[in-house]
Amino acid sequence: MINVIGLGYIGLPTALMMASHGVEVIGTDYNKELVATLISGHTTFKETGLDELFQEALAAGIKFTTEYQVTDMYVVSVPTPYDKFSKKVDACYVIAAVKDVLQVAPKGATIVIESTVSPGTIEKYVRPEIEKAGFVIGKDINLVHAPERIIPGNMVYELLHNNRTIGADDKAIGERVKNVYASFCQGEIVVTDIKTAEMTKVVENTFRAVNIAFANELAKICRHDNMDVYEIIKICNMHPRVNILQPGPGVGGHCISVDPWFLVGDYPSLAKVIDESMKTNDGMPDFVLNRIYEIMRDNGMSDLSRVGLYGLTYKENVDDMRESPTLQLLESQARHLAKGLKVYDPFIDKDVVPGQYHDLNDFLAEVDLVVIMVKHNEIKENMNKLVGKVILDCHNICDLPGVYHI
Ligand SMILES: NC(=O)c1ccc[n+]([C@@H]2O[C@H](COP(=O)([O-])OP(=O)(O)OC[C@H]3O[C@@H](n4cnc5c(N)ncnc54)[C@H](O)[C@@H]3O)[C@@H](O)[C@H]2O)c1
């Protein structure tokens, strides 16, 4: 049996996927409300295919609880934020979860850390906890790192099809854990050592962050000297060895806006490109706010409350708002002692920020300048409703005349 610890965006679909592929699974989360929701037969976030997978897993016998289980394998999928000051990974959730697991784990159990951590985190923070609890690693407790690559919006497909990495001290243990993931994963599963697995996951997200930052920097240069960044990127990408990403209003979520900081925190004198890239991406919401002021000036507008931000989530067609560019922009607005921006997102039902609307038509009726912060399908399908508005399109998805870009 597998006890999955932490039933959030990663732990829940992983637990469901294992259960629906013949693995006996109990999911544990210390959030009582979340567990109660799952027990009552409802999923806790919106994700393509998740409800169907949930039904399959329920039929296969998955259970949810707030209690840690006595079993032979644990998959720990708890948050790993970064310390805003040192930029280093904050491993406190992982440490707490491992400590709780060790209260119940029998000898011979395997603890798999799925949470993203910087290279050396398991060595520095997890191993000592296991040893302090009186276990011998490799004999009483096996330690494995199995980082996750899935992207919100396409999680179910990617769980099935992505390649994976397993890091283990002992090849045989690595192979054993690989077989568990192979119950559902059709991709290639590489077995390596723990530190290499830790580093690969962080490097993958860092690669993405640096490439996004490059596109964002080009957007800034082109804006400064009145060049069309999209036309330039389109032409450059016709070169056989060039593949520039698209600029955007910033980066959010739990991975690309967080994990690269771990390397900056751990290797401050070495991770220079990464540091600058993260600052560039983090500066984009401010850049968009400045664009809003410029465009308002150009159009003789002075009232910020006639400006609406379309989209609150960090990416399209998901309900995850963590670290989202829109939230960062609203914070920036508050720092500038400005207020009044209206906001709307079809994926966010709850009231989370002032000036928030829950219906596209109501939102559009109240604003003259629409800022497309997120390219949800909804806005792509309703472009006709933006006719007559001033539009700042941060994703280059709108082909109405006179549209402004970042
Ligand atoms: N969200 C993503 O897109 C994504 C993708 C790849 C990897 N990751 C990584 O996966 C890890 C988990 O991220 P997430 O997005 O699922 O986080 P999340 O916040 O959605 O979920 C974490 C869950 O863990 C629970 N939890 C925390 N401590 C616990 C404990 N001691 N015992 C029991 N439950 C506990 C929380 O209540 C929460 O429900 C992170 O390291 C993240 O970087 C996330």
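A residue is called buried at under 20% relative accessible area, exposed at over 50%, and partly exposed in between, with a 1.4 Å probe and protein chains only. The structure shown is a predicted model, in which local features need pLDDT of at least 70, side-chain atom pairs count only at pLDDT 80 or more, and totals for chains, interfaces and linings use all residues. Residues are numbered from 1 along each chain as its sequence is written, and side-chain values use heavy atoms, with hydrogens and water left out.

**View 1. Helix H1 is mostly covered.** Helices are DSSP runs of H or I with at least four residues, numbered from the N terminus. H1 spans residues 11-19, and nine of its nine residues are buried. Among them are Gly-11, Pro-13, Thr-14 and Met-18.

**View 2. Helices H12 and H13 pack at an angle of about 65 degrees.** H12 covers residues 284-298 and H13 residues 325-335, with the axes 8 Å apart. Axes are lines fitted to C-alpha atoms over the stretch in contact, and angles run from 0 to 180 degrees between N-to-C directions. The contact (heavy atoms within 4.5 Å) includes Pro-285, Leu-289 and Ile-292 of H12, and Leu-329, Gln-333 and Arg-335 of H13.

**View 3. The ligand is surrounded by 26 residues.** A residue counts here if one of its heavy atoms lies within 4 Å of the molecule. Asp-29 and Tyr-68 are among the closest. A polar side-chain atom of Asp-29 lies 2.6 Å from a ligand oxygen atom, while a backbone N or O atom of Tyr-30 lies 3.3 Å from a ligand nitrogen atom.

Conventions
Helices (H or I, at least four residues) and strands (E, at least two) are DSSP runs, numbered from the N terminus. A polar contact is a pair of N or O atoms within 3.5 Å; within protein, one must be able to donate a hydrogen and the other to accept it, and residues adjacent in sequence count only if both atoms are side-chain atoms.
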